[in-house]
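Grab a pencil and have the structure open next to you. Here are a few exercises, each with a worked solution to check yourself against.

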Amino acid sequence: MTDEKKTIPSVSVSYARNGSSTKANALGMRPMQERAYERRGEQYLLIKSPPASGKSRALMFIALDKLANQGLKQAIIVVPEKSIGASFHDEPLTKYGFSADWIVAPKWNLCDAPGSDNGGKVNSLGAFLNSDDKVLVCTHATFRFAVDKFGVERFDNRLIAVDEFHHVSADPESKLGQHLGAFIARDKVHIVAMTGSYFRGDAVPVLAPQDEAKFDTVTYTYYEQLNGYEYLKQLDIGYFFYSRTFPETYADDILSVLDPNEKTIIHIPSVNSRESTKDKIREVEHIIEALGEWQGVDPATGFQLVKRPDGRLLRIADLVDDDPAKRDKVSATLKDPSQKNNRDHVDIIIALGMAKEGFDWIWCEHALTVGYRSSLTEIVQIIGRATRDAPGKTRARFTNLIAEPDASEEAVTEAVNDTLKAIAASLLMEQVLAPRFNFTPKNPQSGPVEGFDYGEGGYDPSKGNVGFNEETGQFHIEIKGLADPKSKEAARICTEDLNEVIAAFVQDKTTIERGLFDEELIPEELTQVRMGKIIKDKYPELDEEDQEAVRQHAIAALNITQKAKEIALGGDRVGNGGDDEPSANTALIDGVRKFAMDVRELDIDLIDRINPFGEAYAILAKTMSEDSLKQVAAAIAAKRTSLTPEDAKELAVRASRFKKERGRLPSIDAQDPWERRMAEGAVAFMRFKKEGRYDG
């Protein structure tokens, strides 16, 4: 994989490094923690905040206040796996200005106790409920078994704090989700839920809508977090392809994307992925061989020692080894608190299922993942390993290394799907990393919002304006014809959950296939019809007006980010992870402003006429070989279908809306392709209706 075009990041975001997110107030709280603590009186609180922003400590502050001042008996901290329990060990908070210290008696941190999650640990939790002690830490599994054994009533008047809340699900198969639903129905506990993921990446919600509506949400964005760092100023996200010809594997090409001078976590492929050789031990050996000459194992740390051609010695932590004694030794060495600030402790970590959620290695500069991960949440967690702030670390990157589709393979469909999933993940990460959008309709009553900078010349009442608040990392963008959400729930979705909507949209196979490879596509078929259907399926409780408002806000956020990225990257994309500085620290912000200024008037119709996948295709065409690109396009074209009854119905709804606005039906002979498509849809809808293709 020596072709330079294959090492182009799909997005590169730069930040100001103003140091704000690392500064503490008089109580020892960083900005995210202070924001969460302000809502400490809420019975149900959801904290959405990136990895490394300090969620664990935020919970300590809130829990101590609930125990001291809100009349709760005890706090139970629930984490997904034992290793994360270490985040809740004792903390001397009074040393930094808070009123109390965080103390967990050793016997009540069940994550440190030997044995399985059931049995003795469940009995220990029962003993804790009968004691006068205040805080217990356990795994999700132990908590589930305990609720089964003791019943929800036994937990009355206590705080239940659930870390990594995206593990919960409203699915009937999810025990923890069912338990939380029962706690909320009984309404006798306080719940604090925390997640570093802004979306779940699946079709099942974390909570039922009526339960989720009871939570007060604190959101701290990736933009705020990274913009407020002292050292890290640039983050690159890229999906790169390698040509696979038997008997070669990804390890033969890995040095094309792996820089041995960067502190790196390599996640080798899951055994079910196309990239896997089905022999994980040999894959690790192969990577080590590619890096240099093996010098043996360091007896003190368990790290593999590898000599580079330039004489430098690499320390490599192998977390893939099946020998539990060896793997546990390496894992313990990595967690050694005395080495936390030692950059030279380890150089490369190779893992499969480990070193993801909750794994803290501040020096990591490159998260290299081989093969597609089925969960977008997992990708966010992996990226989070590289986004810690550390002295001298100015740049971090995430690379998804994927085998190019090969038409000769039986699994060409699977290969195409992996490619589309990688693009979807990249598009979604761009939304997560960008500043937050606040959209308002442009009308005669519009005016500037305090705290926003509207650029040279300030706010102009005669046109649509774009303002930016540097402190909060938020845009204020005026759009002509934008529908405002009417209900409280629709307003909440537009403020808090646009990334959830965009996740569903970019993962919809029909949407992304057509957006990338249908040369005859009319963008409104995606932005209005497909997005409209996704909103209806996702939020059936909203009325039609609110569904349309959510649709418009979501498509505006996605398309404005894509156009801004196109402008920020500009012309021919260059850059392969070297030292070239991005165009400007404010490239994305400037891109949003430039896009809004370059169009005659920013209105929702113009935004709907943009293909959300246009820029992604331009990058794909530069990262994948021409032959592979043609194969992907051909595989998708081969299964293209004619208009479905479902799409015809949605087009007929759009045609009806068109008639209300224009006083006439769309014309089948119109020059505008979208008007023609609506007319075709309305005709097809009548035909399908006559044929009895709709229920009721």
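**Exercise 1.** What volume does the second largest pocket have? Then find out what lines it.

*Solution.* Keep in mind that this is a predicted model.
- Start with the volume: the second largest pocket comes to about 950 Å³.
- Next, look at the lining, which has 36 residues; Gln528, Glu548, Arg654, Arg657 and Glu661 are the closest to the pocket's centre.
- Now sort the lining by class: you get 25 charged, 7 nonpolar and 4 polar residues.
- Last, trace the helices. At least two lining residues each come from α16, α17, α19, α22 and α23, and α22 gives the most, with 11.

**Exercise 2.** Is His345 buried or exposed? Work out its surroundings too.

*Solution.*
- Locate His345 first: look in the loop between α10 (324–334) and β13 (348–351).
- Its relative accessible area is 13%. The cut-off for buried is under 20%, so His345 counts as buried.
- Then check who touches it. Setting aside neighbours within four places in sequence, His345 is in contact with Phe303, Arg315, Thr333, Leu334 and Gln339.
- Zoom in on Thr333: its backbone oxygen lies 3.1 Å from a polar atom of the His345 side chain.

**Exercise 3.** How many residues does the largest nonpolar core have?

*Solution.*
- The count is 101, and Leu334 and Ile560 are among the residues with the most contacts inside this core.
- Helix α12 (residues 412–433) gives the most to this core, with 11 residues.
- Apart from this core lies another one, of 63 residues, including Leu59 and Val137.

Note on methods
Residues numbered from 1 in each chain as written. Predicted model: local features only at pLDDT ≥ 70, side-chain atom pairs only at ≥ 80, totals over all residues. Heavy atoms only, no water. 1 Å grid on protein atoms, 1.4 Å probe; cavity = no way out; pocket = protein on both sides within 12 Å on 5 of 7 lines; lining within 4 Å. Points joined across faces, edges and corners; volume = space filled by probe spheres on them. Helix = DSSP H or I, 4+ residues; strand = E, 2+ residues; numbered from the N terminus. Nonpolar A, V, L, I, M, F, W, Y, C, P; charged D, E, K, R; others polar. Buried < 20%, exposed > 50% of the residue type's maximum accessible area, 1.4 Å probe, protein only. Polar contact = N/O pair within 3.5 Å; in protein donor to acceptor, adjacent residues only side chain to side chain. Contact = heavy atoms within 4.5 Å. Core = buried A, V, L, I, M, F, W, Y, C linked by side-chain atoms within 4.5 Å.
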